[in-house]
Amino acid sequence: MKTAAILRRVRTTNLALVLAVAMLAVACSRASTTAAKTASSNPNVALTVGFTEDQYVLSGAQASLGEYPLNANIVETLATITPDYKVVPALAESWTLIAPNTWRFKIRQGVKFHDGQALNAMAVKVGLFDRLAAMKGGSSLKAGPNSVSVVDESTLDFTPTVTNLRVPEQMVHPEYGVAAPGSDLGKKPVGTGPFRFVEYVPKERIVVERNPDYWGAKAKVAKITFRFYPDASTRRLALQSGEIDAAFEVPRDDVAGLKSNGFQILTSGVGAYDALLLNQHGKPGFDILTDVAVRQAVAMGIDRAKLVSGVLDGLATTDQTMVAPASLAPYTSTITGVTHDPVKAKSMLDAAGWVPGSDGVRVKNGKKLHLVLVSGFPAAEILRPIPTFVQSQLKDIGIDVAITERPDSDSYSAVMDAGEGDMFLEQGNQNDANPGFLPILLYYTGPGSGTPFSYQKLFGPGGKFDQLLAPALSEPDPVRVRQIVANSMNEFIDVDASAVVLAGVYRIYGLRKGIQGFVPHPAFLHVRWDTVSVSG
Amino acid sequence: MLSFVLRRLLLVIPTVVLISGLTFVLSNLTPGDPAFAVASRMAGRPASRAEVVATRHQLGLDQAPLSRYLHWAARAARGDLGRSYSTQAPVRQELFRRIPLTLELALPAMLLAMLIAIPAGVLASMRRNRPSDQLMRMLSMAGACMPSFWLALLLIILFSVRLHVLPVAGRGGYLHLVLPVVTLALAPAAVLSRFTRSSMLEALGSGYVTTARAKGVKESSVVAKHALRNAVVPVVTAVGVNFGFLLAGATVIETIFVWPGVGSLLVGAIQQRDYPTIEGFVLYAGVSFALLNLVVDVSYAFFDPRIATGSSV
Amino acid sequence: MTVTAAPPSPAVAHPALPSQVGSPRAAIGCLLRDTTAVVGLAIVVLLVVGAVLAPELAPHDPNHVDVLRKFAPPSAAFPLGTDNLGRDVLSRLLYGGRISIGTAVVAGVLIGVIGTLIGLVVGYRGGILDVAVGRVVDLLLAFPPFLLAMAILGLLGPGLRNLTLVLIAVAWASYARIVRSAVLVERHKEYVEAARASGASSLRVMARHVLPNIFTPIVVLVTLDMGIVLLEISGLSFLGLGVSPPTPEWGAMLSEGRTYLSQAPQMMLFPGLAIFLLVLGFNLFGDGLRDAFDPQTRRLPRGRRRWLIAGPRAAPHRGHRFSGSSTPAVRRRRGVGT
């Protein structure tokens, strides 16, 4: 009978429950033995690292598995940058500008790809520049199909499609890695790096193992499993519970707790910023900040020290350079930043005609001093406590702030395209050694800037800023470029208050006890794992 | 019976066409340009105009919405759901890779729910209005009202943060299954236990049970042989319906436990405005829920032939 | 076939609906004697009063930031502690109730009203309109509403307004179906025919004769649905698809609290508790309401009463076979999974 059969099945499922409990018990005991294994000082130790979200592109010319944004050290670039933004040779031993727009690279000899192919000029052409040329929308290196000529086995000339004098500073970006000719960066990346690709499970993990034939010092751990944890608190809990040995981007609030539990917290130099971009060309309804005095008052109204110590747990700096300070050296101090001065801010607002209203909000000609703060780039969550803090700070000087939080960069950009905001809160990173890259891309409207887009339309101050920055486009000397950019950012931030820089941001890495040799980098994508070892 | 099944199968088609059309219309109503988000994500900074234009072309977003829909529909009919905006990998491949991962949570959760709910429901029906029945009713009411994301966090605090006995999140060994499965099982267990109890009461109150009792059959065998056998049929079909809803509930749970199933695929796609993936998901969900409903109805009709002969739509 | 007993009452025309309305006085008396219903009502009233009187009751400004006192544990000044920005959790909870409860009530009522109106019109008019709406209803009922709401919200973009609209858009269908079948039953009854014959417009006939008969059951269903809507709102907010900060809303607060799980458990503990209690309150009260207004179950012994209804409500056969055999509440609860 059917029902009897069902009943029998019910009984067997009860049996299954007993089995499940038994399996759990076995699994528990197994887990404790693996924990003991990782604690030993075996040189063949395997490491598990928690990264943020899996954002690999897996197909097409932009494929970036193992390369970007999580650099698993499989593929290497021609040059690389140190944590203080110095460009140092990697697969290229040297480079020189041999013509107004032609770079000659000397390729390192004796290097082999993981599949045994030798690295030479031809391999660099195929494995890097041809790949870049195929990218739709082009790369910022400006590589075209005919940009490269192979001079000899170890020499290669690169001529960008448009003049690009920042090639060495830009090519440190892991996106410009040299993949083995014929390898697929969407499925199985093959490079020259200290680690070889083992396996990849999307959204779950990527596993690499030591490359025993590496041209430099061999990696000190045998294997690394990178696991993806999009949510910062989950990542930190995983670190705390021993599921991972190291974590990228530990939430600031968790640092004290982790430290007191014996975890190592390593912080990098400043490589990112949190800033309010001020809409200085706003349409009616969003035109209050067209007045430079109000912009300056906003900049003065915010207590950055309190933001850093209170909201950001002291784990940020009050740097106001936007561009990574180290990449501007020795001209960093040209940008002075704005000092917190609510009294002066108030008197400036008074002078600008904004007088305190009955409810504390300033008014001018019957209009309230009401500003819309839009938050959401790169993601609202990253910036989460800041809008509320800014709101309460500006309230003190009589400015009413409404917060519009957009969860993702897409809907954020929609608000920006429509010009429907006064202040746009962003976090920006600097990933290469070219300090002028973002200022030129986002705010420069002078000669050679092309069709303006929302950033330039809303925030580009034009005038003196453009005049100061323009020489950077034709300056071959990287040090001179630093000076030019520092001068223009001084105008942008200190004089014109085109942006209110809230904090300098650095990266926070959490490691369990016994992990050694980790060098924190201000940009995630340049972290190296071959120097990391485990003891005790 | 066969024509009943066929009729129901045919109904799946307009459902899917309508829902995919709706999804497409909605994705075009949304303000914002997905090309900007995609290009910015690839660049790791705000994308330039040139990059946005190129990306828009690459994604086919520069074509008219209607022609995009027709293209999409024509390809979808052949099983090609396009490529994800964020990974550029085929959507179908990603969906099929993740479905088993969701089932890895959903099947044990359903099993657990049944193991708790069916015995509890039967027991409660036998001890109607006694303390154990009252307790079960309270528990099932509480279970049905408990926000599962809250429960998940409470369990994480207790078992992972405080006691360190279970992993916080991620996919790994059996231990990784425990918290998400338990959380996921709660709601169906609560609903199923109520349902089992009421089905049992129905059966226990019916004429033949009274007859059996009058004949002096032992109470335990009345329950097992007569009542339970009749209550099992609706309960088994209820399991089918609940399974569908359990799959839906998995979205939040997968997000909390960083479980790479279809649910977290949808949540991730929503956060990244990955329209091809959202559309592909909706199509998948439409087809699978239609089929699940069909299976439930057919099985019900199979157990109770009166239904298939009825005609009202 | 060994199956001889009927499955739980598929023969009843619309088992989800208490078929007749008992006298209000008897119903209220019965309701007040039902302890669990009274407890449910008390919970709802308490939370609603807290939300309504938030400006009076809240000890602090819910959005006042003081970073120097963040993550403070519960104390006399901050009865439920403070959050990551030093804001008072209790005050945010009270103000958050305004958004959470307010949205749930508005959405719940609108779902009931819109669904009922569509059901009335479609049931009365019939014809091509009935067929067309029937298709849409089929479509909506084929999906777990939470999933559908999530997908649509993902496409439309988040926000409280979109959230409310989407919840209404996906949930009206079950009401329309139930009301439609009730109308179909009533339409051919003599008194309706007579009213029509005497020249009353069809709208008036519906309003005067059909609506009163289904009004009470609809109110009961809306009450039961309120908890489900609240769970959906908080679930969607938890995923970041609802209100945007700093607006306090329970689901969003819970989501924020998740980030600070170990340093400040109060941030996720209390909003979750509030959601749980309110959903529980709506359900207990709704259950009692249904029992009280249904003379059929009122005559039955206590325990049996609730479960007789619960049975068919959770019946596995889907709406399209047996009109209204599965009420929105149970059907949707299973869909929320949140």
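## A valine in the core

Not counting residues up to four places away in sequence, A:Val500 touches A:Ala275, A:Leu276, A:Leu278, A:Val298, A:Ala299 and A:Ile302; touching, or being in contact, takes C-beta atoms, placed from the backbone, within 7 Å of each other. This is a predicted model, so local features need pLDDT of at least 70 and side-chain atom pairs count only at pLDDT 80 or more, while totals for chains, interfaces and linings use all residues. Residues are numbered from 1 along each chain as its sequence is written, with chains lettered from A and ligands numbered from 1 in the order in which they are written.

A:Val500 also shows up in the largest nonpolar core, where A:Leu276, A:Ala499 and A:Val500 touch the most other members out of 359 residues. H10(B) gives the most to this core, at 20 residues. A nonpolar core here is a set of buried Ala, Val, Leu, Ile, Met, Phe, Trp, Tyr and Cys residues joined through C-beta atoms within 7 Å. As for burial, a residue is buried with 20 or more other C-beta atoms within 10 Å of its own, exposed with 12 or fewer, and partly exposed in between, the C-beta atoms being placed from the backbone.

## Chain A: strand E18 and its partners

Strand E18 (residues 370-377) of chain A has seven of its eight residues buried, so the rest of the structure largely encloses it. (Strands, E, are DSSP runs of at least two residues, helices, H or I, of at least four, and both are numbered from the N terminus.) E18(A) pairs with strand E19 (residues 400-405) of chain A in the parallel sense over six bridges, and A:Val374 sits opposite A:Thr404 in E19(A). Pairing takes at least two DSSP bridges between two strands.

To get from E18(A) to E19(A), the chain goes through helix H9 (residues 385-396) of chain A, making a right-handed β-α-β crossover. Right-handed means that, with the strands pointing away from the viewer, the path from the first strand over the helix to the second runs clockwise. E18(A) also runs parallel to strand E20 (residues 423-429) of chain A, joined by four bridges; here A:Leu373 is opposite A:Met423.

## Chain A: a four-stranded sheet

Chain A also has an open sheet of four strands in the order E5-E6-E8-E7, with antiparallel pairing. Strand E5 (92-99) and strand E7 (148-152) of chain A are at the edges with a single partner strand each, so one side of each has no neighbour in the sheet. From one strand to the next, the twist averages 25°.

E7(A) and strand E8 (residues 155-158) of chain A run antiparallel, joined by four bridges, and A:Val150 has A:Leu156 in E8(A) as its bridge partner. Helix H2 (residues 121-133) of chain A packs on this sheet and touches strand E6 (102-107), E7 and E8 of chain A, its direction making about 165° with that of E7(A). Axes are lines fitted to C-alpha atoms, for helices over the stretch in contact, and angles run from 0 to 180 degrees between N-to-C directions.

Chain B has 13 helices and zero strands. Its C-alpha atoms fill a box of roughly 85 × 55 × 30 Å along the principal axes, and 57% of its 313 residues count as buried. Of the contacts in chain B with a separation of 6 or more, 71% are between residues 24 or more positions apart.

Where chain B meets chain A, 48 residues of chain B and 50 residues of chain A take part. Helices of chain B that each supply at least two residues to this side include H5 (91-126), H8 (174-204) and H10 (219-256). The chain B side divides into 24 nonpolar, 15 polar and nine charged residues; Ala, Val, Leu, Ile, Met, Phe, Trp, Tyr, Cys and Pro count as nonpolar, Asp, Glu, Lys and Arg as charged, and the others, Gly among them, as polar. B:Leu26 is buried, with 20 other C-beta atoms within 10 Å, and leaving aside neighbours within four places in sequence, B:Leu26 is in contact with C:Ile152, C:Leu155 and C:Leu156.

## Chain C

Chain C has 14 helices and zero strands, and 62% of its 338 residues are buried. Take contacts between residues at least 6 apart in the sequence of chain C, and 72% of them join residues at least 24 apart.

Helix H10 (residues 250-259) of chain C has ten of its ten residues buried, so the rest of the structure largely encloses it. Among the buried residues of H10(C) are C:Trp250, C:Glu256 and C:Arg258.

How values were computed:
Two residues are in contact if their C-beta atoms, placed from the backbone, lie within 7 Å.
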